[in-house]
Amino acid sequence: MKFLYDLFPLILFFAAFYVFDIYTATAVAMVASVAQVAHFRWKHGRFETMHIVTLAAIMVFGSLTLLLHDSTFIKWKPTIVYWVLATLMLATQWGRGKTAFERLLGAQMQLPRPVWRKMNLSWAIFFLALGVLNLYVAFWFGQDMAEATRDKIWVNFKVWGTLVLTFLFIVGQSILLARHLPDQTPPTSR
């Protein structure tokens, strides 16, 4: 359920884009992000870092998109969010404390420190690569196509492409992670 909650602004952005245009979709995503953060704060009494990072990015880049009537800014937003996350992960990668990934999931599982570091680094690299891929699809893919077609390709990539890539990455990470989790099978009695 939390997964759908986190995707709420993106789903509304996608729907508004197909009903209206990229500018209306941007405004809808901005309002949905504010509502999402406000609702989470009201319900849990705290803010979630990912929601705040995304809200800040959508407000800055969405505002520029609407004020200047230029979709370039909203197309930069995912890359900026991915690169901020990668930077946060890399900043904890070489410190003496816990990595960002360990802080996020350390309460749910116990792993050796080198495994936490590998997971953290792999996610940082994934986010860096996803940011570059977003820029490619947004600005260089299909330059001979009409702008409306390129916008549609980018929106589909933003919603479905990144979702599928993230899902596949999580599956791959889970397979690698499973080797390091303790065996949870209960002993059989005879």
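**Figure 1. Helix α7 and the lining of the largest pocket.** Helix α7 gives the most to the lining of the largest pocket, contributing 11 residues. The model shown here and in the other views is a predicted one. The largest pocket has a volume of about 1700 Å³. It is lined by 48 residues, and those closest to its centre are Asp6, Met50, Leu85, Phe127 and Thr166. Two or more lining residues come from each of α1 (2-19), α2 (22-44), α3 (49-68), α4 (72-93), α5 (100-105), α6 (113-140) and α7 (147-178). Sorted by class, the lining of the largest pocket holds 31 nonpolar, 11 polar and 6 charged residues.

**Figure 2. The whole protein, for orientation.** The protein has 7 helices and 0 strands. Its pattern along the sequence is α-α-α-α-α-α-α. The C-alpha trace spans about 70 × 40 × 40 Å along the principal axes of the protein. Of the 190 residues in the protein, 39% are buried. Among contacts with a separation of 6 or more, 60% are between residues 24 or more positions apart. The accessible surface of the protein is about 11600 Å², and carbon and sulfur atoms account for 70% of that area.

Figure 3. Glutamine 93 belongs to helix α4. Its relative accessible area is 6%, so glutamine 93 counts as buried, the cut-off being under 20%. The side chains of glutamine 93 and asparagine 120 are joined by a polar contact of 2.8 Å. Leaving aside residues up to four places away in sequence, glutamine 93 touches Thr99, Arg117, Asn120 and Leu121.

**Figure 4. Asparagine 134 and its contact with threonine 79.** Helix α6 contains asparagine 134. This residue counts as buried because its relative accessibility is 0%. A polar contact of 2.8 Å runs from the side chain of asparagine 134 to the side chain of threonine 79. Apart from residues up to four places away in sequence, asparagine 134 touches Lys75, Pro78, Thr79, Trp154 and Phe157.

**Figure 5. Glycine 131 and its surroundings.** Glycine 131 is part of helix α6. With a relative accessibility of 0%, glycine 131 is classed as buried. Glycine 131 touches Thr79, Tyr82 and Trp83, when residues up to four places away in sequence are not counted. Threonine 79 is also touched by asparagine 134. Tryptophan 76 is 55 residues from glycine 131 in sequence, while the distance between their C-alpha atoms is 8.8 Å.

**Figure 6. Histidine 69 in a loop.** Histidine 69 sits in the loop between α3 and α4. The phi angle of histidine 69 is near 50 degrees, which is a positive value in a residue other than glycine. Most residues other than glycine have a negative phi. Histidine 69 has a relative accessibility of 53% and therefore counts as exposed, since the cut-off for that class is over 50%.

Technical notes. Residues numbered from 1 in each chain as written. Predicted model: local features only at pLDDT ≥ 70, side-chain atom pairs only at ≥ 80, totals over all residues. Heavy atoms only, no water. 1 Å grid on protein atoms, 1.4 Å probe; cavity = no way out; pocket = protein on both sides within 12 Å on 5 of 7 lines; lining within 4 Å. Points joined across faces, edges and corners; volume = space filled by probe spheres on them. Helix = DSSP H or I, 4+ residues; strand = E, 2+ residues; numbered from the N terminus. Nonpolar A, V, L, I, M, F, W, Y, C, P; charged D, E, K, R; others polar. Buried < 20%, exposed > 50% of the residue type's maximum accessible area, 1.4 Å probe, protein only. Polar contact = N/O pair within 3.5 Å; in protein donor to acceptor, adjacent residues only side chain to side chain. Contact = heavy atoms within 4.5 Å. Areas by Shrake-Rupley, 256 points an atom, 1.4 Å probe, with all protein chains shown as cover.
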